[in-house]
Amino acid sequence: MTPELVKVAAAAADNQWGAIFPELMLACLALALLVLEIALPKKLHVYIPDFALAGLVGTLAGLIVNFNSATLGHETFNALLRHSPGGQVMRAFFLLVAILVCVLARVSLAKQKMPRIEFYHIVLVITGALMLLAQSNHFVMLFVALETVTIGFYILVGYFRQQSASLEAGLKYLIMGALSSGMLLFGISLLYGVAGNSALAGHSANALHYASLAQFLVANPHNFLASAGIVLVLAGVAFKIGAFPFQIWVPDVYQGAPTPVTAFLAVGSKAAGFAVLLVLARDVFASYDWLVIPVLTAMAAATILFGNIAALTQHNVKRLIGLSGVSHAGFLLLGVVASMGPAAHVNATGAVYFYLFAYLIASFAVFGVMAHVAGADDSDQTLDHYAGLAKDNPFLATILAVGLGSLAGIPPLAGFMGKFFIFIAAFDAGARWVLALAAVGVVISIYYYFGWIKAAFFKVWTPSGEDNVPRPARTPVDMVSGVALCLLAMASIFLGFYQGPLGQWMSVK
Amino acid sequence: MNPATLNDYVLLSALLFAIGFFGVLLRRNTLVVFMSLELMLIASTLALVAFSRHNGTNDGNVFVFFIFTVAAAEVAVGLALIVALFRKRHTIQLNELNSLKN
């Protein structure tokens with residue numbers, strides 16, 4: 001063999017396709033859905049979403065069984081990917097999100113005259129890209145995975161194409177998403193330019209690789225172009241998590257998007273931002289903590305305050321949950337800040353992961369109820385529609401109360417423990433003034449979350465004003481979504497009392 | 001005339017990026033906003049190619065192909081959305097697309 005061939009063979013052996021088996025499974029499943037749509041007779045099409053759901057559950061089970069796989073802690077695909085315990089946790093997280101999005105989609109899509117199968121196809125593709133994103137170890141991988149996710153979301157947000165609200169939300173998301181991708185990309189090109197410059201100390205031939213870039217940044221702790229690149233990259237990521245001042249797209253897009261997509265954006269897209277941020281801020285940009293920590297601290301404080309105050313006046317529940325999600329991003333940012341720098345708290349990363357799971361469980365309980373309460377016009381869901389829910393459907397009302405209580409951080413529930421862990425970590429890391437603001441934010445949030453619970457439990461439906469529009473009929477709860485909602489509510493309560501193995505499992509670095 | 005140096009390229013790409021950025025924020029016609037978005041991506045590709053040549057590594061050149069692919073996908077989805085929206089609303093002015101509110 002010639003030396004070139006030996007090199008190619010070595011690179012091919014480095015690929016280790018087994019390491020991305022779950023992602024490959026999802027890709028095959030996504031293609032299989034389209035094939036089934038062509039191959040199966042029309043009356044069997046209703047079972048295709050169930051097939052997707054079963055495939056996702058199987059993939060998640062496979063991932064959990066192989067959690068401590070041989071590649072853990074190693075780089076594969078010529079260092080494009082790195083398999084860390086945190087990455088494994090996020091992979092399981094995204095699979096869980098995809099399962100719940102499919103459960104919601106079964107309820108929501110049934111109310112529209114829309115092709116169904118493509119929706120599940122795109123959800124599966126996005127999930128695979130999210131999982132790769134959480135393990136990326138190279139800026140090209142980061143960019144490609146992130147754009148696969150984002151472009152998939154453009155389609156999903158505008159999916160209800162008979163409703164102009166959905167299309168308008170899709171266009172707005174596309175413009176703001178492409179703007180943030182542009183900033184991220186320009187930041188990456190600046191970092192590539194300085195880190196590869198042979199005139200500077202510690203320059204690297206592989207400047208887009210995380211570890212090489214981190215070494216360069218240690219050697220040049222106050223480079224102007226590198227600082228500009230870092231700020232632009234952080235801005236691009238801040239858009240994904242909806243942090244202030246990059247939250248302007250949140251209320252409109254959340255309102256116009258179909259409810260399952262709103263849930264996917266609120267939980268999946270936000271968690272992806274945090275998975276990337278934890279790796280970038282803690283490992284790659286670690287030597288620039290003089291810049292990153294103040295930027296993220298100010299962002300966390302502004303995000304918590306803005307999200308809660310803006311949510312106070314919302315009457316549309318999708319806008320309300322969107323803006324309250326902005327404030328949750330602020331709490332998570334506080335956890336990220338606490339995990340950085342010389343005063344870092346050891347459990348801060350674990351606290352962020354725990355908060356993400358608590359947020360996932362509580363949010364999907366609430367979104368599940370929203371999917372059942374919504375009528376044919378998916379963007380029009382107001383607090384008034386919840387009047388008398390406790391009487392009509394006590395099951396949905398109870399789930400709603402548990403979900404909202406957990407989001408508000410009421411003591412025995414998981415959301416409370418999530419906030420508690422983050423506050424302890426932030427207190428030890430010395431971010432005291434942000435904590436004071438966060439406490440104010442929690443108090444404000446209790447007000448609007450309880451306004452929603454009050455509407456469901458204590459209000460009686462009266463047709464509003466002159467036009468006398470009837471309230472949309474509530475969808476009966478079928479078995480799959482009933483079991484899913486029940487499990488979510490029980491998990492919210494259970495995790496509030498007992499975090500033991502989950503807490504330890506996630507405090508690994 | 002001196003040949004263009006790395007600084008010239010970086011300045012030009014920063015200028016293109018700024019034009020694109022403010023174009024997205026200030027213009028009201030969706031198609032012009034789209035062109036501005038593309039300008040931002042082009043600014044990054046110019047910077048990457050210039051850095052790639054100066055640094056003597058090929059990563060930047062290769063990255064440009066990925067960016068082109070992504071930009072093409074983005075435009076395909078974006079134009080489809082614009083056409084669908086125009087059929088519904090008969091306008092593509094951003095200030096008239098304001099049906100989403102509290």
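The legends below describe close-up views of a predicted model with a chain A and a chain B. Residues are numbered from 1 along each chain as its sequence is written, and chains are lettered from A in the order in which they are written. Local features need pLDDT of at least 70, side-chain atom pairs count only at pLDDT 80 or more, totals for chains, interfaces and linings use all residues, and side-chain values use heavy atoms, with hydrogens and water left out.

**View 1. The interface between chain A and chain B.** Here 47 residues of chain A are in contact with 44 residues of chain B, contact meaning heavy atoms within 4.5 Å. Leu171(A), Phe186(A) and Tyr192(A) supply 17% of the area that chain A buries against chain B, more than any other three residues. The two chains bury about 3900 Å² between them, 75% of it on carbon and sulfur atoms, where buried area is the accessible area (1.4 Å probe) that two parts lose on being put together, summed over both.

View 2. On the side of chain A that touches chain B, helix H6 (139-157), helix H7 (164-195) and helix H10 (250-256) each supply at least two residues, and the largest share, 21 residues, comes from H7(A). Helices (H or I, at least four residues) and strands (E, at least two) are DSSP runs, numbered from the N terminus.

**View 3. A salt bridge within chain A.** The side chains of Asp50(A) and Arg106(A) meet in a salt bridge, at 3.1 Å from N to O. Asp50(A) lies in helix H3 (residues 48-65) and Arg106(A) in helix H4 (residues 85-109) of chain A, so the pair ties together parts that are 56 residues apart in sequence. Over all chains, the count comes to 9 salt bridges.

**View 4. The surroundings of Trp17(A) and Phe77(A).** Trp17(A) lies in the loop between helix H1 (3-13) and helix H2 (21-39) of chain A. Leaving aside its neighbours within four places in sequence, Trp17(A) is in contact with Leu24(A) and Phe77(A). Phe77(A) is found in the loop between strand E1 (75-76) and strand E2 (81-82) of chain A, and has a positive phi of about 55° although it is not a glycine. Trp17(A) and Thr76(A) are 59 residues apart in sequence and 8.7 Å apart in space, C-alpha to C-alpha.

View 5. The peptide bond from Phe244(A) to Pro245(A) is cis, with omega near 0°. Pro245(A) is found in the loop between helix H9 (224-241) and H10 of chain A.

Key. A salt bridge is a side-chain nitrogen of Lys or Arg within 4 Å of a carboxyl oxygen of Asp or Glu.
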